[in-house]
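Please look over the sequence and the structure before reading on.

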Amino acid sequence: EFFFLIIRTKPGCGSEQIAIPNNIHLKCVSWNKDQGCIACGGDDGLLKVLKLETQTFIGSQRFMTETGAVQVVTWNEQYEKLTTSDQNGLIIVWMLYKGAWYEEMINNRNKSVVRSMSWNADGQKICIVYEDGAVIVGSVDGNRIWGKELKGSQLAHVAWSPDSKILLFGMANGEVHIYDNQGNFIMKMAISCLVAAGSVSIAGIQWYAGTRGYVRPDCPCLAICFDNGRCQIMRYENDENAICIDTLMNVVSIQWNHCGSVLAVAGFLRASTKEKEFNVVQFYTPFGEHLRTLKVPGKQMSGVAWEGGGLRIALAVDSYIYFANIRPDYKWGYCCSTVVYAYTKPERQEYCVVFWETKNNEKFVKYVKSLMSVTTSGDFCILASKADETQLQTSGLLLVFALHSFLSGTFLCPEPLFVTMTKTHVVAASKEAFYLWQYRVAKKLTAMGINQVTRTKKGGKEKEKVGRESGTIHRYSLPNVALLHKYTSNNRAYYLSLNCNSSRLAIIDIAGVMTLLDLDVSAASDGGPNRGSADPSKFERKDVWDMKWANDNPDLFAMMEKTRMYVFRNLDPEEPIQTSGYICNFEDLEIKSVLLDEIMKNPDKPNKDNLINFEIRSLRDSRALIEKVGIEDASQFIEDNPHPRLWRLLAEAALQKLDLKTAEQAFVHCRDNQGIEFVKRLGNLHSEPMKQAEVAAYFGRFEEADCMYLEMDRSDLAINLRIKLGDWFKVMQLLKSGSGACDDTLLQQAYNAIGDYFADRQKWVNAVQYYQQGLNQERLAECYYMLEDYAGLERLTAELPENHKLLSDIGEMYATVGMCEQAVNAYLKCNQTRAAIDTCVHLNQWNKAVELARTHNMKEIKSLLSKYASHLLEKNKTLEAVELYRKAHHFLEAAKLMFKIAEDEAKKKSNPLRVKKLFVLAAQLVETYQEQVKTSQQSKTKGNKSEVTSALAGLLEVDASSSEIHIVDTAWRGAEAYHFFLLAQRQLYAGHMENAMRTALHLREYEDIIPAVEIYSLLALCAASSRAFGTCSRAFIKLESLEGQSPDQQQLYKDLALEIFTKHAPKDSRMVEASEEKLPTCIVTGLPIQEYQFWMCSVCKHCALEQEISKYNTCPLCHTVL
């Protein structure tokens, strides 16, 4: 798997050190990452707590325990407690009270010595291990949770898992045992980094708790290192794919940094040609990649600790604490006054890439998964990311973003470890090859335009430099990429940078040593008058971690050495500047630097105070000469030390004093055509105040220029100046001030421009006020829409004349929010009937759509309706299709679909009451259809008053097809069948056996709707209950003769009939069927109505006895309110 370096460290051992009194040797050191305190223990019972703020030592407190050496020191950062132990086994818990440290708890087991102590991630528990195998787990308040004796084991180290569920015990023989948090043994850890058997001991076990997130979701966080230099880094305690490292050193201590991205391994190394040992700290990524080696003075190193922000480390060496600054290699870039930087958040797996526009102090955020690097040039930014793990081969994705244009693109290449770009090309390099990609066509290519500072490789107009791990540097020509030359370096290059004319290469190796290499003798000879004054091959600087060539001078560069910035001209350094900023840009004798360390403390809120500009010495001296001596002497100095920035400085000073001749000469030297034209324009002016006003405007002192123009009674010039600046608020103020005639057209333009200002910032209420005064109806409609002020939009629609072009846009606005009626009114006002109908169809207002189609003689609405209904039916949305036809007044089509739904539910044997309701709904649709036909025919009989009326009547007339006539005639049969089916069962369960049987007899007319087996089964049951065994016998005969029944079912009917009729004769007590079919049936009782006066429903036309219906509020069949 390909791993990319997330943070590279560039450590340099600075001058900071703290000496321990009486030369007491240190045994251990620990840095509290939250409070910033350093605790160190040593011989003779030394325990010292140091308080550092930023890089200043502000005080300490020393404690003398008993005579034993303090060997173990560990912090509980959550509860601000310090736990120590000496060689006699004395454990002390210290607490901070009123600025001083006091003993809170003391414990002495008096049997063995403490070898290691560890607090869990939340600071609630501490685990203490003794050399004789004793283990104690206690709480933060001093209570003992559990203890255990590991017989026959000598313990050396302990570590908690991030979730506090696992304990790792490091044994003196080099084994690592895994226990749960209750002290139960789980298993031995597999150690894969030890290739040969031998006597080894564990130097350290560090398990990063993930409190500040992980570099990657699968990032290893458990490090186990042995004293022989072997180390393995694991993702979890039983990881079978551990990363093994051989540090080739004797390890004393290891420590993760604050975010688990760098592992520091401290110890000593024996030189190959010398017997002398020297102390070193090696830095590794969680994926085992070596970053940097730091040599440390002194005889014996005993411990290492990281600062809370990961920018410094403390090293316990002999009787000293050394501090080394760490320079993180952030993913960042700078272009077009925009700082681009990336950081990780604990709650997200992606990198958060921030585009911070420093001029307006605005930022934009983009999240990129598996980000590898950030590269910038001109207006463009390259984000290199690792491709998805699911791809067959490891590859990368380059995303190009144009900061001030719309150009963007992507480019795939294998493993883009290093990326650089020019204004036209991108060069991406993997470990084996590099790839060239032209993402933009240049109008004109120049060496200065292409040669930009890059890391590890460089592209130029005719050259490209690629550094290899062996130290070899290859030089290629572009665009044909032909190898021209090879250069050899003694060390592996970490950073390569070409100057602006590709004549000199700066190299920073992995040890932080910077050297220079001359590439082109001819180019070097033309570089300047003093180019040969120093030999670049002898140039060497140590502890360098950043550098930048000037974009406009091949002999000028700035470099960062420790915490100082040096500027070199012809290899001669200027006075250093104390700063820790990263160099953004070096141009026009000014260096722009950004304090990324400060920004990363709160990356969501970058501060402009963290962006610093430095002027180099020549610019400072020229400014001082102009201010103190005069323009003439300064002009002579600048002629001796020419630079466009200095000439521009002289031109600006000459303009201030209206020395036009000197100003013109200076503009000529710096090739500023606009400046030359400005001087000529000033020369044509005869008024001194007018010249002064123009100069004030030229230098951006606009308020002063306004006052001068108004004093000269030239308000028109002041207004024109503000128009050029886009300051329309000031334009309106000047127009309303009464100085000069007020131009109504210009005032209207100002109102609209101010409205645009507020609209761009989404302050729509303010924008409306100015658009109303500027009579800008188009933008006013947009503001009303954004404010959801539809009343205002309606007023605007009423005010607009017919066929206005804005009406169609307003109609579209209404349509997007579902306001059909208002949209139709807007479309009709501009004669866009088709758009109005389409809007009704889109909003499912088919009734309105049909009405519009009829009014405007558009017949295609019927076919569109059918298509939409077919579409709904294909998706099994039958009820939606019914609603569609109903709203479009196609009631018969809706009824057909409703009948189909009811029949399908009946076949599924759904609840009979539900089936009845569906049949009632279908029948009501038929009744509505009949009312519609009746109304249409009545309008016909009154005479054809208009063509529209005739078209409407014709559209609504039903085709006299047999199927439609059948539906109309039998609309209520389904509802009747299930009504009487339910009524018979209710009567049966209520004990009205006689009535139940009569109602069941009535069901024989509906065998086409209800299955016959259900009808005759119910009839047989009701007849037997009312002891009408003759009717019951006939029902059994019908059941036995039904087709489609199995022989077993028929036999069951026969057996049941035999059992019944052997006991009871198949005779009825009285006649029950006489003349029932000729009389109307009461829908309340199911009995025939023999009276002359009865009640009839106005909707379903079914009858009931008056004394029975008086008990109801609605029709029992169709549920119409009485």
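Is C1097 buried or exposed? C1097 is buried, with a relative accessible area of 3%; buried means under 20% relative accessible area, exposed over 50%, and partly exposed in between (1.4 Å probe, protein chains only).

The model is predicted: local features need pLDDT of at least 70, side-chain atom pairs count only at pLDDT 80 or more, and totals for chains, interfaces and linings use all residues. Residues are numbered from 1 along each chain as its sequence is written, and side-chain values use heavy atoms, leaving out hydrogens and water.

**Cysteines**

- Zero disulfides (pairs of cysteine sulfur atoms within 2.5 Å) are found in a search of the whole structure.
- C1097 is in no disulfide, and its nearest cysteine sulfur, that of C1118, is 3.5 Å away.
- C1115 is in no disulfide either, with the sulfur of C1118 as the nearest cysteine sulfur at 3.6 Å.
- C1115 also counts as buried, at 0% relative accessibility.

**Helices α4 and α5**

- Helices here are DSSP runs (H or I, at least four residues), numbered from the N terminus.
- The axes of α4 (residues 617–628) and α5 (residues 631–640) come within 8 Å and cross at roughly 160°; axes are lines fitted to C-alpha atoms over the stretch in contact, and angles run from 0 to 180 degrees between N-to-C directions.
- That angle makes α4 roughly antiparallel to α5, a term for angles over 145 degrees.
- In contact (heavy atoms within 4.5 Å), S618, D621, S622, L625 and I626 of α4 meet A634, F637 and I638 of α5.
- The residues of this contact divide into five nonpolar, two polar and one charged; Ala, Val, Leu, Ile, Met, Phe, Trp, Tyr, Cys and Pro count as nonpolar, Asp, Glu, Lys and Arg as charged, and the others, Gly among them, as polar.

Terms used
Helix = DSSP H or I, 4+ residues; strand = E, 2+ residues; numbered from the N terminus. Parallel < 35°, antiparallel > 145°, perpendicular 65-115°, else oblique.
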